[in-house]
Amino acid sequence: MNITVADGPVDGVTVVALRGELGIDSVRPLQEALDGVVERPGSRVVVDLSGLEFCDSMGLSSFVDAHRRCGAT
C-alpha cells in the first residue's frame, strides 16, 4: 500500500491519499500517518480512498479511531 500525506491547496486541509490494498499487514503505516495528521493543530483532514482497491476491518477500525480522536479535540 502507498500512503501520501500532503497539504491541500486550501489552507488548513491535509489530504491523506491511499493507493493499493489496506489489510492487516499494511495497517500500521496508515495508523502512524493518521497519528501524525490528527496531532496537527487546527488541521482539517481529508482521506482520499479513490485509489484504494481493498480494505479490511483493521483498516476501517483505523479510520474510526482517527475520526473519534478528531472529534475529541
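Guide: Let us begin with a definition: the expected span of a helix is 1.5 Å times one less than its number of residues. Please keep in mind throughout that this is a predicted model.

Visitor: How do you know that the span of helix H2 agrees with what its number of residues leads one to expect?

Guide: Helix H2 covers residues 57–72, which makes 16 residues, and at 1.5 Å a residue these should span 22 Å.

Visitor: What makes you say that the buried residues of H2 line one face of the helix?

Guide: A residue counts as buried when its relative accessible area is under 20%, and in H2 this holds for Gly59, Ser62, Phe63 and Ala66. Viewed down the axis of H2, these buried residues fall within an arc of 95°, and therefore they line one face. On the other side of the helix, Ser57, Arg68, Gly71 and Ala72 are exposed, while the cover over the buried residues includes strand S2 (13–22), helix H1 (27–38) and strand S3 (44–55).

Visitor: Why is Asp56 called a cap of H2?

Guide: A polar contact requires a pair of N or O atoms within 3.5 Å. A side-chain oxygen of Asp56 lies 3.0 Å from the backbone nitrogen of Met58, and Asp56 caps the N-terminal end of H2 in this way.

Visitor: Why is S2 called largely enclosed by the rest of the structure?

Guide: Seven of the ten residues of S2 are buried, and the strand is therefore largely enclosed.

Visitor: How do you know that S2 pairs with S1 and with S3, and in which directions do the strands run?

Guide: Two strands pair if at least two bridges are found between them. S1 and S2 are joined by six bridges and run antiparallel, with Thr4 having Ala17 in S2 as its bridge partner. S2 and S3 are joined by nine bridges and run parallel, and here Val16 stands opposite Val47 in S3. From S2 the chain crosses through H1 to S3, a β-α-β crossover that is right-handed.

Key
Residues are numbered from 1 along each chain as its sequence is written. This is a predicted model: local features need pLDDT of at least 70, side-chain atom pairs count only at pLDDT 80 or more; totals for chains, interfaces and linings use all residues. Side-chain values use heavy atoms; hydrogens and water are left out. Helices (H or I, at least four residues) and strands (E, at least two) are DSSP runs, numbered from the N terminus. Buried means under 20% relative accessible area, exposed over 50%, partly exposed in between (1.4 Å probe, protein chains only). The arc is that of the directions from the helix axis to the C-beta atoms. Contact means heavy atoms within 4.5 Å. A polar contact is a pair of N or O atoms within 3.5 Å; within protein, one must be able to donate a hydrogen and the other to accept it, and residues adjacent in sequence count only if both atoms are side-chain atoms. A crossover is right-handed if, with the strands pointing away from the viewer, the path from the first strand over the helix to the second runs clockwise.
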